[in-house]
Amino acid sequence: MRLPSTAWQGVGLDERMEWARRWMVKTAAASANLPSLQRVRLALTAHVDLKMAIAIDGFQRAGAEVIVHPADPATTRPDVVDLLQDNGIPVTTVEDCVAWLPSHTLEMGGDVVVRAAQEGYAGIRAGVEVTRTGLNRVAAVGLTHPVFDLDSVPLKNQLHNRFAVGTSTWQTVLSRTQLSLHGLTVAVIGYGEVGAGLARTARDHGAQVLVAELDLARATVASYDGFGVGAIQDVVPRADLVVTATGRVGAISSEVIAGLKDGCLLVNAGHSAEEIDLDALGNGKTVIPAVTSHSVDGSEVLLFAGGHVANLAAGDGDSLNAFDLTAALLVGSVGWTVAHGHEYPAGLHPWPDHVSW
């Protein structure tokens, strides 16, 4: 359900790339500081848009061979795919990425690492995982190499997750639906940094905000932040709009869906559409380009962007200058991991404290 961007409609990719480079100066600096990546075969799982294309260009300029697996077809820009492939970078399946025999990985979701473990491929020397969803998946397989957790780095977790995602998600939802949040009750499912950002930004936009969070400490933080906190089955029937950001498969289960208010708008701000039990919704009919209507036990559920990650599937994702910091972290993490990752044992590792940005 990839929707065309209204903001960039009719603007060519070359002009958009030039505009993005103007604002992504931290990414350019990080790329200039990369060590030689000669003989590195880097497999990426990523949302394929122009911001990632700029980071990928930095890897290639440093000498790496690169292959890309799209994190989600709904967030994949065909013109960016064509650009990458014209530059000799395959954009392909996860199976092809493993068969390509990568030496290193950089992933949003862990697809290549998980597939490599399933197939018994042990040629990956070190990898980086960027998302909570991917970390959960990677932790569940037998790793033969170190994987480093970039999601918990404060500059990523507390800035990108809290501020950039919260802002761009609501910008996308409001622009696509032509609604505001004034007078609406919003239920935020999950109060990690993404959920916290969504809740605070929704309140800034005039919503009454409720939070459902399984972790007692995070739920307590949400209450200290001034939000109403309750169990998911208690908060969703009161909400006009429910947004999920848990990183967990099936966070919005069939039971949760059955408890939604008639006409509730359901939005996913997590990495994977699997946060929502889409099978429980069944087939829907298009109401407007970004929204489908589904009948569940006689009630209507409105689904945004087919349940895919809202800001990228229905919009342009995070702003250029905000994602610039994130992209710079991605680039820098690959440089460090290529140089030093092999010094660590197999398994999932927090990002080393001594490595500064």
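Start by selecting Leu44, Phe59 and Leu106: these have the most contacts inside the largest nonpolar core, which has 48 residues. Such a core is a set of buried Ala, Val, Leu, Ile, Met, Phe, Trp, Tyr and Cys residues joined through side-chain atoms within 4.5 Å, where buried means under 20% relative accessible area, exposed over 50% and partly exposed in between (1.4 Å probe, protein chains only). You are viewing a predicted model, in which local features need pLDDT of at least 70, side-chain atom pairs count only at pLDDT 80 or more, and totals for chains, interfaces and linings use all residues. Residues are numbered from 1 along each chain as its sequence is written, and side-chain values use heavy atoms, with hydrogens and water left out.

Next, colour the elements that give two or more residues to this core, including α1 (13-23), β1 (41-46) and α15 (320-340). Helices (H or I, at least four residues) and strands (E, at least two) are DSSP runs numbered from the N terminus. Helix α15 gives the largest share, ten residues. Apart from this core lies another, of 33 residues, with Val188 and Ala313 among them.

Now zoom in on leucine 44. Beyond its neighbours within four places in sequence, its contacts (heavy atoms within 4.5 Å) include Met52, Ile56, Phe59 and Leu106.

Then move to aspartate 96, in helix α5 (residues 94-99). This residue is partly exposed, at 38% relative accessibility.

Finish at leucine 159, in helix α8 (residues 154-177). Leucine 159 counts as partly exposed because its relative accessible area is 35%.
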